[in-house]
Amino acid sequence: MTEPSGRRERKKAATRRKIADTALRLFLERGYDEVGIRDIAAEADVAVTTVFSHFASKEALVFEQDSNFEENLRGAVEGREPAEPLIPALRGEIQALVRHCTADSVAPVWRMIDGSPALREYEESMRLRHAESLAAAMAADPGLGRTPTACRAIARFVVDAYSVAREAADPEAAVDEVFRMIEAAWAAASPAVSR
């Protein structure tokens, strides 16, 4: 995500960061279900309305980097050079996410997410939203030459690759294995192969 350039944008970004950091600290200290939005607002020294102007829900506070992931996936499609293959670009984004999500420092966060039905449901809806956004970017690229259905299927496979890898004993090997399947599916969806 790009750094905010103006004073106002920097101040808004700093407030957002402060709210997210405060929320995560409180969730990990007290438990997700034990912390309310009022607690977060009071601890971050902001109004409850300020919390909601930055985050649509309590669950969104846990997944604060959500928009970055979606932007990065779209960027892997839209920012490629014309001849650059798509799947390796997407693989790079998923590998970066898996490295982040499997770091020891985030293990307590994943334990919290795994232990909360509300957070697991939010994560699932977030993954579906990311997959739809990725599929739209793929389908909009005329150089890829795949049907919207193929783009949606591959996008879901790509987005789910990180959760499969995150839960694997060897996350890097899991990314490799999943992306071999994605490569094969992408090749099979080629118009030249389909006909």
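View A. Arg16 is partly exposed, with a relative accessible area of 25%, whereas Glu64 counts as buried at 13% relative accessibility. In these legends, buried means under 20% relative accessible area, exposed means over 50%, and partly exposed lies in between, with a 1.4 Å probe and protein chains only. The model is predicted: local features need pLDDT of at least 70 and side-chain atom pairs count only at pLDDT 80 or more, whereas totals for chains, interfaces and linings use all residues. Residues are numbered from 1 along each chain as its sequence is written, and side-chain values use heavy atoms, with hydrogens and water left out. The side chains of Arg16 and Glu64 form a salt bridge with an N to O distance of 3.5 Å. Arg16 belongs to helix α1 (residues 7-30) and Glu64 to the loop between α4 (58-62) and α5, so this pair ties together parts that are 48 residues apart in sequence. A salt bridge is a side-chain nitrogen of Lys or Arg within 4 Å of a carboxyl oxygen of Asp or Glu. Arg16 and Glu64 also take part in a network of salt bridges that links them with Arg17 and Asp21.

**View B. Arg127 in two salt bridges, with Glu124 and with Asp160.** The side chains of Glu124 and Arg127 meet at 2.5 Å, N to O. Both residues lie in helix α8, and being three residues apart they are separated by about one helical turn. Glu124 is partly exposed, with a relative accessible area of 34%, while Arg127 counts as buried at 12%. The side chains of Arg127 and Asp160 form a salt bridge at 3.0 Å, N to O. Since Arg127 lies in helix α8 and Asp160 in helix α9 (residues 148-166), the pair ties together parts that are 33 residues apart in sequence. Asp160 counts as partly exposed, at 32% relative accessibility. A search of the whole structure finds 17 salt bridges.

**View C. The packing of helix α5 (residues 66-78) against helix α8 (residues 117-140).** The two axes come within 9 Å and cross at roughly 20 degrees. Axes are lines fitted to C-alpha atoms, for helices over the stretch in contact, and angles run from 0 to 180 degrees between N-to-C directions. Helices α5 and α8 are therefore roughly parallel to each other; angles under 35 degrees count as roughly parallel, over 145 as roughly antiparallel, 65 to 115 as roughly perpendicular and the rest as oblique. The crossing of α5 and α8 is right-handed, a term for a near helix turned clockwise from the far one by less than a right angle, left-handed being the anticlockwise case. Residues of α5 in the contact include Phe69, Glu70, Leu73 and Arg74, and those of α8 include Tyr122, Met126, Arg129 and Ser133. By class, this contact has nine nonpolar, two polar and five charged residues. Ala, Val, Leu, Ile, Met, Phe, Trp, Tyr, Cys and Pro count as nonpolar, Asp, Glu, Lys and Arg as charged, and the others, Gly among them, as polar.

**View D. Ser133 of helix α8.** Ser133 counts as buried, at 10% relative accessibility. Leaving aside neighbours within four places in sequence, Ser133 is in contact (heavy atoms within 4.5 Å) with Glu70 and Arg74.

**View E. The packing of α1 and helix α7 (residues 107-114).** The axes of α1 and α7 are 11 Å apart and the packing angle is about 70 degrees. This makes α1 roughly perpendicular to α7. Leu24, Phe27 and Leu28 of α1 meet Pro108, Val109 and Met112 of α7. The residues of this contact divide into six nonpolar, no polar and no charged.

**View F. Pro191 in helix α11 (residues 191-194).** Pro191 is partly exposed, with a relative accessible area of 33%. Not counting residues up to four places away in sequence, Pro191 touches Gly145 and Arg146. The C-alpha atoms of Pro191 and Arg146 are separated by 6.7 Å, although these residues are 45 residues apart along the chain.

View G. Helices (H or I, at least four residues) and strands (E, at least two) are DSSP runs, numbered from the N terminus. The C-alpha atoms fill a box of roughly 60 × 40 × 25 Å, taken along the principal axes. Of the 195 residues of the chain, 41% count as buried. Among contacts in the chain with a separation of 6 or more, 67% involve residues 24 or more positions apart.
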